[in-house]
Amino acid sequence: MDSGRSNRAVPLALKILVAGGFGVGKTTLVGSVSEIRPLQTEEVLSSVGADTDDVSGVEGKSTTTVAMDFGRITVGADIVLYLFGTPGQDRFWFLWDELAHGALGAVVLADTRRLADCFPSVDYFERRGTPFLVAVNCFDGEQRFGAQAVRNALDLDADVPVVLCDARDRRSGKDVLITLVEHVMERVSRRTAGAGRRS
Ligand SMILES: Nc1nc2c(ncn2[C@@H]2O[C@H](COP(=O)(O)OP(=O)(O)O)[C@@H](O)[C@H]2O)c(=O)[nH]1
Ligand SMILES: [Mg+2]
């Protein structure tokens, strides 16, 4: 640690994953908060994927992210977050371990109309011990269930934050990311306190 200087010469670069089911708003979130033109690898939904890409509930959706979304956002004076949107479809699960490597934490996006779609993401981060939060993307301001109902339905640990957001809104998306960074920092300081002084 440097001794309390707030501005690092080189910003701290942190890697954040954005996960969740197909059509939940991952590409939208990365695109709305990113300062750089997000790199996206969208592909027109093909007949090959027709059996596997479940578009019920998102009928207007004609593209899908085949590899990942990538974006960057600066929070505060000296923290840069690099955002990696995970591919939503089961057939790209092999990419997850590569993406998750070195990630500080994850945003699991949820759509209350298809809540079960985020179970695999929640399971994955719980198993890996990766800190995460659940952000409910309120499509058209829709809030069918409050944060507490989502917490219960997903059987989340008490310390996992659940927040409501609008993935299309830059401020809202940025708030989600700041909440995640704060959550990670809290976890780290709790652990450090729990472990006592080692050196
Ligand atoms: N009305 C509304 N549409 C949204 C919202 N977030 C995403 N969408 C739309 O939902 C569709 C799926 O979003 P996308 O970001 O591609 O989902 P992804 O598969 O998780 O990357 C797109 O057509 C978005 O424009 C939202 O908060 N409200
Ligand atoms: Mg996408």
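## Strands and how they pair

Strands here are DSSP runs of E with at least two residues, and helices are DSSP runs of H or I with at least four, both numbered from the N terminus. Two strands pair if DSSP finds at least two bridges between them. In general, strands of a sheet pair through backbone hydrogen bonds, either parallel or antiparallel.

## What you're looking at

This is a predicted model, where local features need pLDDT of at least 70 and side-chain atom pairs count only at pLDDT 80 or more, while totals for chains, interfaces and linings use all residues. Residues are numbered from 1 along each chain as its sequence is written, chains are lettered from A and ligands numbered from 1 in written order, and side-chain values use heavy atoms, leaving out hydrogens and water.

The protein has 5 helices and 8 strands.

Which order do the strands of the open sheet take? The 6 strands line up as β4-β5-β1-β6-β7-β8, with mixed pairing. β4 (69-75) and β8 (162-165) sit at the edges with a single partner strand each, so one side of each has no neighbour in the sheet.

Now look at β1 (residues 12-20) and β5 (residues 79-85): they run parallel, joined by 7 bridges. L14 stands opposite L81 in β5.

Of the 199 residues in the protein, 45% are buried, meaning under 20% relative accessible area with a 1.4 Å probe, counting protein chains only.

Contact means heavy atoms within 4.5 Å. Among the protein's contacts between residues at least 6 apart in sequence, 72% join residues at least 24 apart.

How values were computed:
Buried means under 20% relative accessible area, exposed over 50%, partly exposed in between (1.4 Å probe, protein chains only).
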